[in-house]
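Biologist: I would like to learn how to read this model. Please start with one residue, then move on to the whole chain.

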Amino acid sequence: SRRQREGEDKSAQRLSELAKARDEVATATEALETARPEVEAKTQEVRAAEQRKQVAAAEREQLLARQGRGQQFSSVQERNRVLDQELKVRASKLVEANNKIQSCIEREQKKEELRVQSTGESVKR
């Protein structure tokens, strides 16, 4: 019966270890559940910070672009002069494009008039 006692002792030891492991799992689960809201809140804070970082980076890029344009000219007068020249060039291109459009419209109208006249004459014959 010594073997039986040793077997019972081992079984009791295993049951004790199992109960201890279950207690540890329960304690760990409880700790996780307790910490979950805090972890989720911190995760939200990190996401919000990342979003603010992206917005700040975009604003920074815009500011750097503005500074780059500002450094392109030595004075406001020079900038205005260059912009005025650019406006004149673009205005003349716009006038030229409008003239071409008008010319095309007139050509198409003449073609249409000739087509109508030619079909009208063929009907009269």
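Modeller: Start with Glu86, which sits in helix H2 (residues 76-124). Helices (H or I, at least four residues) and strands (E, at least two) are DSSP runs, numbered from the N terminus. Residues are numbered from 1 along each chain as its sequence is written. This is a predicted model, where local features need pLDDT of at least 70, side-chain atom pairs count only at pLDDT 80 or more, and totals for chains, interfaces and linings use all residues; side-chain values use heavy atoms, with hydrogens and water left out.

Biologist: Is Glu86 buried, partly exposed or exposed?

Modeller: Buried means under 20% relative accessible area, exposed over 50%, and partly exposed in between (1.4 Å probe, protein chains only). Glu86 has 37%, so Glu86 is partly exposed.

Biologist: Which residue forms a salt bridge with Glu86?

Modeller: A salt bridge needs a side-chain nitrogen of Lys or Arg within 4 Å of a carboxyl oxygen of Asp or Glu. Here the partner is Arg90, with the closest N and O atoms 2.7 Å apart. Arg90 and Glu86 are four residues apart in helix H2, so about one helical turn separates them. Arg90 is exposed, at 55% relative accessible area.

Biologist: How many salt bridges does the rule give?

Modeller: The count comes to eight. Among them is Arg2 with Glu6, at 3.5 Å from N to O. Both lie in helix H1 (residues 2-71), four residues apart, about one turn. Arg2 is exposed at 61%, and Glu6 is partly exposed at 40%.

Biologist: What is the N to O distance between Glu45 and Lys42?

Modeller: Their side chains meet in a salt bridge at 3.9 Å. Glu45 and Lys42 are three residues apart in helix H1, again about one helical turn. Glu45 is partly exposed, at 45%. Lys42 is partly exposed, at 45%.

Biologist: Now the whole chain. How many helices and strands does the chain have?

Modeller: Two helices and zero strands.

Biologist: What radius of gyration does the chain have?

Modeller: The radius is taken over C-alpha atoms, and the globule rule is 2.2 Å times the number of residues to the power 0.38. A compact globule of 125 residues would come near 14 Å, but this chain has 43 Å. The C-alpha trace spans about 130 × 65 × 25 Å along its principal axes. Glu86 and Ser1, 85 residues apart in sequence, lie 109 Å apart in space, C-alpha to C-alpha.

Biologist: What percentage of the residues count as buried?

Modeller: Of the 125 residues, 1%.
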